[in-house]
Amino acid sequence: MNEITRDYAEFFLDNQEQLFDFPVAETIEEAMEFLEDCMAQVFESAEEIREYWDETGMSVSEMSDEEILDSLEVFKLPDGKYLVVES
């Protein structure tokens, strides 16, 4: 897992409509605060996301990697990593 950077917060800010019907942040600072508050995390792969969700009690054993990566709360970042936002 990786730290939320300003670049990741900016990406979330520009793409937040993927998960929310209304803006939850209007500035990068608000986006960083929101991501911190909801304990967003950055992962390297679908397998890391699967392990994380499994540890938190989500039933993901029947989900394919593609289904995991297509989940609304998973944002594919420009650097190839994945931001997971628990809403």
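I count two rings of Phe, Tyr or Trp as a pair if their centres lie within 6.5 Å. Planes under 30 degrees apart make the pair stacked, and planes over 60 make it edge-to-face. I am working on a predicted model.

**Entry 1: aromatic rings**

I looked for ring pairs and found 5 aromatic pairs by this rule. I took Phe-12 and Phe-20 to begin with. Their ring centres are 6.4 Å apart and the planes stand at 85 degrees, so I noted the pair as edge-to-face. Phe-12 has 0% relative accessibility, so I put it down as buried. Phe-20 comes to 13% and also counts as buried, because the cut-off for buried is under 20%.

Then I turned to Phe-12 with Phe-34. Here the centres are 5.7 Å apart and the planes are at 10 degrees, so this pair is stacked. Phe-12 sits in helix H1 and Phe-34 in helix H2 (residues 28-37), so the pair ties together parts 22 residues apart in sequence. Which residues do the ring pairs link into a cluster? I listed Phe-12, Phe-20, Phe-34 and Phe-75.

**Entry 2: salt bridges**

I counted 4 salt bridges in the structure. In one of them, Arg-6 and Glu-29 meet through their side chains at 3.3 Å, N to O. Arg-6 belongs to helix H1 and Glu-29 to helix H2, so I have a link between distant parts of the chain, 23 residues apart. Arg-6 is partly exposed at 43% relative accessible area, and Glu-29 is partly exposed at 47%.

Next I looked up Glu-44, which forms a salt bridge with Lys-81; the closest N and O atoms are 3.7 Å apart. Both residues lie in loops: Glu-44 between strand S1 (41-43) and helix H3 (46-55), Lys-81 between strand S2 (74-76) and strand S3 (82-84). The pair therefore ties together parts 37 residues apart in sequence. Glu-44 is partly exposed, with 41% relative accessible area.

**Entry 3: Arg-50 and its partners**

Asp-65 bridges to Arg-50, with the closest N and O atoms 2.7 Å apart. Asp-65 is in helix H4 (residues 65-69) and Arg-50 in helix H3, so parts 15 residues apart in sequence are tied together. Is Arg-50 buried or exposed? I read 16% relative accessibility, so Arg-50 counts as buried. Asp-65 is partly exposed at 39%. I also noted a network of salt bridges that links Glu-47, Arg-50 and Asp-65.

**Entry 4: surface charge**

Last, I looked at the surface. I found a patch of negative charge made by Asp-7, Glu-10, Asp-14, Glu-17 and Asp-79. I placed Asp-14 in helix H1 (residues 6-15).

Key
Residues are numbered from 1 along each chain as its sequence is written. This is a predicted model: local features need pLDDT of at least 70, side-chain atom pairs count only at pLDDT 80 or more; totals for chains, interfaces and linings use all residues. Side-chain values use heavy atoms; hydrogens and water are left out. Patches are made of residues with over 30% relative accessible area and no salt bridge: like charges are joined within 9 Å, nonpolar side chains (Val, Leu, Ile, Met, Phe, Trp, Tyr) within 5 Å. Accessible areas come from the Shrake-Rupley method with a 1.4 Å probe; for residues, only the protein chains shown count as cover. Lys and Arg count as positive and Asp and Glu as negative; His and the chain ends are not counted. The place of a charge is taken as NZ of Lys, CZ of Arg, CG of Asp or CD of Glu. Helices (H or I, at least four residues) and strands (E, at least two) are DSSP runs, numbered from the N terminus. Rings of Phe, Tyr and Trp (its six-membered ring) pair if their centres lie within 6.5 Å; planes under 30 degrees apart count as stacked, over 60 as edge-to-face and the rest as tilted. Buried means under 20% relative accessible area, exposed over 50%, partly exposed in between (1.4 Å probe, protein chains only).
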